[in-house]
Structure formats: structure tokens, C-alpha cells
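Dear colleague,

Please read the notes on conventions together with the findings.

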Amino acid sequence: MISQIKVIRYEPGHKSVWDNFIARSKNGPFLFYRDYMDYHADRFPDCSQMFFNEQEKLVAVLPATAQGETLSSHAGLTFGGIVSDTQMKTPLMLEVFEALAAHLRAAGISRLIYKAVPHIYHLLPAEEDLYALYRHDARLVRRDVSSTIDLKEKLPLSKGRRYEIKQAQKHGLEVRQSYDFKSFMAIEELVLGEKYDSRPVHSAEEMQILAGRFPENIKLFTACGHSEMLAGVVIYESDNVAHAQYIAASDEGKRTGALDLILDYLINNYYSAKKYFDFGISTQEDGRYLNVGLIENKQSFGARAVVYDFYELEVGND
């Protein structure tokens, strides 16, 4: 197949064209807007690609970074494959991949690491890229497991979850939206440090900046007792999905069931009109290790598995 697709590397002057395309795409959540992707450009130098047809119309984009001879779906994002609009069809996607492979070879890049957009973020069916990867003999190299609730077909809460929610109600806790990212991220840092000897991906300052840029998409919900924050959940909200980006509770919050109260409110009230509520992944070591205790906690809310796939494609050299 000889592709007529033209591939151009993204430059800052393309920002409005890129963002307008994401806005009308069928599989591009707000994470792909430039004001989100570029906040950490100092850590993840951008090498995103844009695909134009013979009429100079933009038909697809690929959020990406590069290191050495490898181009990868943007390293600062959990996922980020080819983003397309309603005009994308399977033969066109094959052309896009042919053009991408040729473009990478000409640029001296021999390998593509591709993180497909999970299907729960698709507004319409959008798995043309998975077929194109298969046609190019791409290899599945990583599979993470996330836990997601289908909000239109909810499963019942476990007995333990129901008990914790009642305990929180007895303590008179209430759930509110908050803008105090500093206090919440302090709790998050403490929890991650004690349990996993790690730190959050974002600092409190970064979360405040991003929430300011995307107030309709990034929201913090908290439960407080005696004016003290006990627990919180940071939500990344897309058209289909309410994703729990950060979840944390203080020791007192755990004792009083504060976190269960917040999650119950989000799942059964605030986000009940969404299609999915997603807790995020419970895997480590490129998907080879499953944190059973973590995933069982998420499953106790009625969540079940959605996979995040990573592919490796060798494109060779000219």
C-alpha cells in the first residue's frame, strides 16, 4: 500500500489546529490538549506527529515523545495512541501507519512504543489502530489492568463497603468539592510514601495549575471532620469516564470511613450520568505483578477489569 498521507511533527504554531482536532475527535480525552501535555515539556520533550491527507486536511494525531531511536506514545501520559475523528476508517488507518513507519525510518527512528487509548475513552468505536498494529506485526509488550465500573450496569457494593459508608454517615461527614489541592496532596504524599515508598506523579503546585486550566475536567472532592481534611479523591473527568487520578485518606479518615463516603457519592450521585467510573491500574513491573489487595479493594465497589495495552513495532531504518 502506497500511502498519500503526509506526516508533520507538531510545532507550537500548530496548537489551535491540534486542539480543535482533539475537541472533535472520537477517542481524545482532555489529556491530549496542548495545555495539559505541555505542562511538563521540560521533562518530556514533545515529538508528537500530525497526519494530513491529500487535501491537506488533518485526519489523525499521535501524542508522542522520542528518545534515541525510539518514538513512544507520550511518556508523560498513561496512554496515547492515534487520535482520530469520525471520518477515520480502517483503510485510512492502514495508510496512516504506512506513512508513520516511512516517516520514522527517514528520521532514523527504528522502534515505536504504542500505548493504545482504552476503549472506555472512545465516544465511538475506534480500534482501527489495533488492526493496523496487527498488520505491521506489532508485539504486545505490556498489559496493565485497571478497574472500572459500568455506571449503567452497576454491581452491588460488598458488605464491607456498605459498613464503611454507614460508619462515615454516623460520624456526620459530608462530601464537598474543594480547591485545597495543597492539603490533599500532602495526605497523598504521606500515604504513598508509607505504603509504597513512592511519590505522586504531580506536585500540589502542578495540580493547582492543571485544575486552573481544566476546571471542568479536574476536580477534588473531600470529606472533612472538625475543619480537618480526612480524605479526598482527585477526578479526571472526560466525556465518558470519571477517572480517580488520586485517592487518599489520613489515619482518621480511614477510621471514620471518609474515603468510602466520597467514592459512594461520586459513583452513585455526582457521576451517575457518566458511562464509566475508573479506579486506575493495580499492576506493576510492566503488568507482570498484580497488587491483589489493591485490586480487590476496587472490585469491592463493583469495578471489573479493563486493560491498558502497550505495543512495540519495529519499523527498521532506511
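**The sheet and its helices**

Strand 1 and strand 2 (residues 49–52) run antiparallel and are joined by four bridges, where strands are DSSP runs of E with at least two residues, helices are runs of H or I with at least four, and both are numbered from the N terminus. Ile8 has Met50 of strand 2 as its bridge partner. This is a predicted model, in which local features need pLDDT of at least 70 and side-chain atom pairs count only at pLDDT 80 or more, while totals for chains, interfaces and linings use all residues. Residues are numbered from 1 along each chain as its sequence is written, and side-chain values use heavy atoms, with hydrogens and water left out.

The open sheet has four strands in the order 1-2-3-6, with antiparallel pairing (two strands pair if DSSP finds at least two bridges between them). Strand 1 (6–9) and strand 6 (83–84) stand at the edges with a single partner strand each, so one side of each is left without a neighbour in the sheet. Helix 1 (residues 15–24) packs on the sheet, where it touches strand 2, strand 3 (58–62) and strand 6, and its direction makes about 95° with that of strand 3; angles run from 0 to 180 degrees between N-to-C directions, and axes are lines fitted to C-alpha atoms, for helices over the stretch in contact. Contact means heavy atoms within 4.5 Å. Helix 3 (residues 90–106) lies across strand 1, strand 2 and strand 3, and runs at about 130° to strand 2.
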